[in-house]
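Colleague: I am new to this one. Can we go through the terms one at a time, with the reasoning behind each?
Modeller: Gladly. Here it is.
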Amino acid sequence: QKTMGVKGWSWFLRKQGYLPQDRDCCSCSIWRSGTILESSANHDFASRLTVVPKGSELHVDGNGLAFMLHRVAYARHFVNVLQHRKESSTNRGLYKSNNRTPCSIKKKLSKMSPAQARQVLPCFMTMKQLSELVVEFVAELREKHQMKIKVYWDGDQRHVFKASTVAKRQEKIPLEWSNLQLYCENGILPASATKLCELEQLLPKCRFFRTEIIEALAQSNIPQVYCQGEADGYMARAVSGKPRAFILGEDSDFCFFPDVNYIPLETLDASQTITTAVVIRRDELARELQLVDENLLVEMAILCGNDYIDPLSASLDQCHARKYGGNPAKVLDFLLERQEENAFYLVISTSEDTEVCLRFIRCLYGLESLDDFALSLNGGKANQSHLDNHLDRGPFIMDQDNDQAGGSLLTAKRPSVPSSMPVEKLKMDIRVDRSIKDAIVRCLQAYASNEATNIGGEPSLLSQDKRVATMLTKEHIEVFQNLQVSRVSGESDSSSTRDALWRPSWDDIRAVYLIEKMVALAFEQT
């Protein structure tokens with residue numbers, strides 16, 4: 001998952017010692033590893049660690065938490081797959097807390113059996129592993145350290161200034177599905193994956209992994225806030241001015257809100273008798289960087305570039321963005337020179353549209369009202385957002401069968417929710433439904449029946465157009481209907497040749513995508 005927020009800021013924070021230089025990027029632990037403090041490269045980082053008082057308020061960015069938990073769950077899953085054939089077939093749950101994560105995996109992938117290669121696909125990881133991590137997260141923070149936890153989730157609304165950033169973030173999604181299609185058709189895992197964290201990012205995740213985390217948090221009685229727009233501002237307002245309230249997240253934007261205590265998730269350790277982390281505050285950071293006014297950090301964010309502005313393409317006056325755009329160290333040198341002339345320096349633009357964007361950024365980071373700024377055209381349209389959220393956008397996948405001039409053509413439609421899917425049927429009817437699964441099955445059956453009728457009575461083929469089709473058969477629905485959720489991670493003990501060599505077809509993947517997506521939408525509606 002690409003780090004959100006200001007460009008180059010994570011690198012800058014590592015250079016300044018706010019984040020570890022030498023880190024375990026593929027950790028099997030949800031907490032900061034104790035071994036990173038032994039590295040000489042992390043001396044400055046270790047000196048910044050501070051105690052988070054017991055009973056503090058922890059306002060958690062849901063998206064940052066979800067992707068962190070998925071990374072850790074996948075690392076544990078990968079370890080289990082590697083160890084599976086070395087252990088007794090009755091010894092399940094093989095992950096142990098003292099296992100080292102195999103960050104470098106190139107040789108391991110080359111030696112895997114077909115069954116292991118199949119099992120290391122992120123979509124084959126059981127969701128129970130995510131639920132267990134949520135329980136672990138809550139137990140350590142709330143039960144052990146009496147922290148008051150609240151989790152915030154982004155809503156549908158986005159301001160127009162973020163439209164280009166959203167589009168850019170979807171560019172990698174077609175590649176994820178292309179990699180999975182390549183595996184389904186040829187049994188090949190992404191050749192570019194040399195680290196575990198890279199493999200996790202190069203293949204699509206289960207469509208309801210975030211829903212699994214939301215439900216696990218609800219089962220643990222953790223308060224959750226569902227915001228209309230992005231959660232950043234809501235969270236910052238909730239903690240601003242409170243010395244014992246902290247934001248937990250993986251978004252560098254939190255460094256730029258006033259009077260806010262921000263804890264990057266990778267610095268947190270609650271596994272000991274006390275909770276420790278690095279706390280970043282805008283005023284303290286500004287003083288350390290020798291900026292005379294902490295608001296100059298907002299101008300620094302603008303000149304580095306963030307989710308709302310690209311300084312390389314924006315019409316900025318009195319500065320040469322190409323000399324330092326995206327490089328916080330060079331931007332800092334520029335601002336230190338400018339503040340000698342004007343302690344309240346502001347970036348300006350020759351473009352009226354850019355000036356509006358600059359005002360928006362300053363209002364956002366200043367926790368002022370954003371009501372005067374336009375929302376994107378799709379902002380607030382719940383149906384469109386639910387069916388096309390940030391994990392599911394990206395209209396095409398690479399067609400591996402049409403390779404021209406060394407580059408794959410974007411011709412095959414990636415899995416998506418058809419417009420004819422009767423999502424209104426996902427709402428559970430307590431008069432007839434025994435569980436939420438009944439509502440999901442009813443929705444899928446209605447869709448399958450309608451599509452079969454539309455194509456002339458071929459019940460197992462819903463569309464013959466490769467660019468548009470989502471393959472779903474009655475057999476797929478029956479399997480889901482009869483499915484019993486396994487309480488055990490791992491595969492069948494069958495050692496038959498068929499089981500060992502089996503891999504899912506691309507049509508199966510598209511059908512499973514649709515079923516998983518309906519599971520997520522059904523839980524959202526209830």
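Modeller: Start with pairing: two strands pair if DSSP finds at least two bridges between them. This is a predicted model, so keep that in mind throughout.

Colleague: What makes E3 and E4 a pair?
Modeller: The cut-off is at least two bridges. E3 and E4 have three bridges, in the parallel sense. Therefore they count as paired. In E4, tyrosine 226 is the bridge partner of tryptophan 153.

Colleague: How do you know that strand E2 (residues 57-61) pairs with strand E3 (residues 148-153)?
Modeller: Five bridges join E2 to E3, and the two run parallel. At least two are needed, so the pairing holds. Valine 60 stands opposite valine 151 in E3.

Colleague: What joins E2 and E5?
Modeller: Four bridges, again in the parallel sense. Leucine 58 stands opposite phenylalanine 246 in E5.

Colleague: And how many bridges link strand E5 (residues 245-249) and E6?
Modeller: Three, with parallel pairing. Isoleucine 247 has tyrosine 262 of E6 as its bridge partner.

Colleague: What order do the strands take in the sheet?
Modeller: The order is E4-E3-E2-E5-E6, in an open sheet of five strands. The pairing is parallel.

Colleague: Why are strand E4 (224-226) and strand E6 (262-264) called edge strands?
Modeller: Each pairs on one side only. From one strand to the next, the twist averages 25 degrees.

Colleague: What makes E2 a mostly covered strand?
Modeller: Four of its five residues are buried. Buried means under 20% relative accessible area.

Colleague: Why does glycine 229 count as buried?
Modeller: Its relative accessibility is 9%. The cut-off is under 20%, so glycine 229 is buried. Glycine 229 sits in the loop between E4 and helix H11 (231-239).

Colleague: What does glycine 229 touch?
Modeller: Asp154, Gly155, Gln157, Arg158 and Tyr234, leaving out residues up to four places away in sequence. The C-alpha atoms of glycine 229 and glycine 155 are separated by 4.4 Å. Along the chain, these two glycines are 74 residues apart.

Colleague: Is lysine 517 buried or exposed?
Modeller: Buried. The relative accessible area of lysine 517 is 2%. That is under 20%, so the word applies. Lysine 517 is found in helix H21.

Colleague: Why is helix H8 (residues 173-186) called oblique to helix H21 (residues 506-525)?
Modeller: Their axes cross at roughly 135 degrees. Roughly perpendicular ends at 115, and roughly antiparallel needs over 145. The crossing falls between those limits, so H8 is oblique to H21. The axes come within 9 Å.

Colleague: Which residues make the contact?
Modeller: From H8, they are Trp177, Leu180, Gln181, Cys184 and Glu185. From H21, they are Trp506, Ile509 and Tyr513. By class, the contact has six nonpolar, one polar and one charged residues.

Colleague: Which members of the largest nonpolar core touch the most others?
Modeller: Phe78 and Met518, in a core of 91 residues. Helix H3 (residues 62-83) gives the most to this core, with 13 residues.

Colleague: What does methionine 518 touch?
Modeller: Val417, Met421, Val423, Leu426, Ile440, Cys443 and Leu444, not counting residues up to four places away in sequence.

Colleague: Which residues of helix H1 (residues 9-16) are buried?
Modeller: Trp9, Phe12, Leu13 and Arg14. The buried residues of H1 pack against helix H12 (282-288), helix H13 (296-304) and helix H15 (328-341).

Colleague: What comes just after H1?
Modeller: Glycine 17, which takes a positive phi of about 90 degrees.

Notes
Residues are numbered from 1 along each chain as its sequence is written. This is a predicted model: local features need pLDDT of at least 70, side-chain atom pairs count only at pLDDT 80 or more; totals for chains, interfaces and linings use all residues. Side-chain values use heavy atoms; hydrogens and water are left out. Axes are lines fitted to C-alpha atoms, for helices over the stretch in contact, and angles run from 0 to 180 degrees between N-to-C directions. Angles under 35 degrees count as roughly parallel, over 145 as roughly antiparallel, 65 to 115 as roughly perpendicular and the rest as oblique. Contact means heavy atoms within 4.5 Å. Ala, Val, Leu, Ile, Met, Phe, Trp, Tyr, Cys and Pro count as nonpolar, Asp, Glu, Lys and Arg as charged, and the others, Gly among them, as polar. A nonpolar core is a set of buried Ala, Val, Leu, Ile, Met, Phe, Trp, Tyr and Cys residues joined through side-chain atoms within 4.5 Å. Buried means under 20% relative accessible area, exposed over 50%, partly exposed in between (1.4 Å probe, protein chains only).
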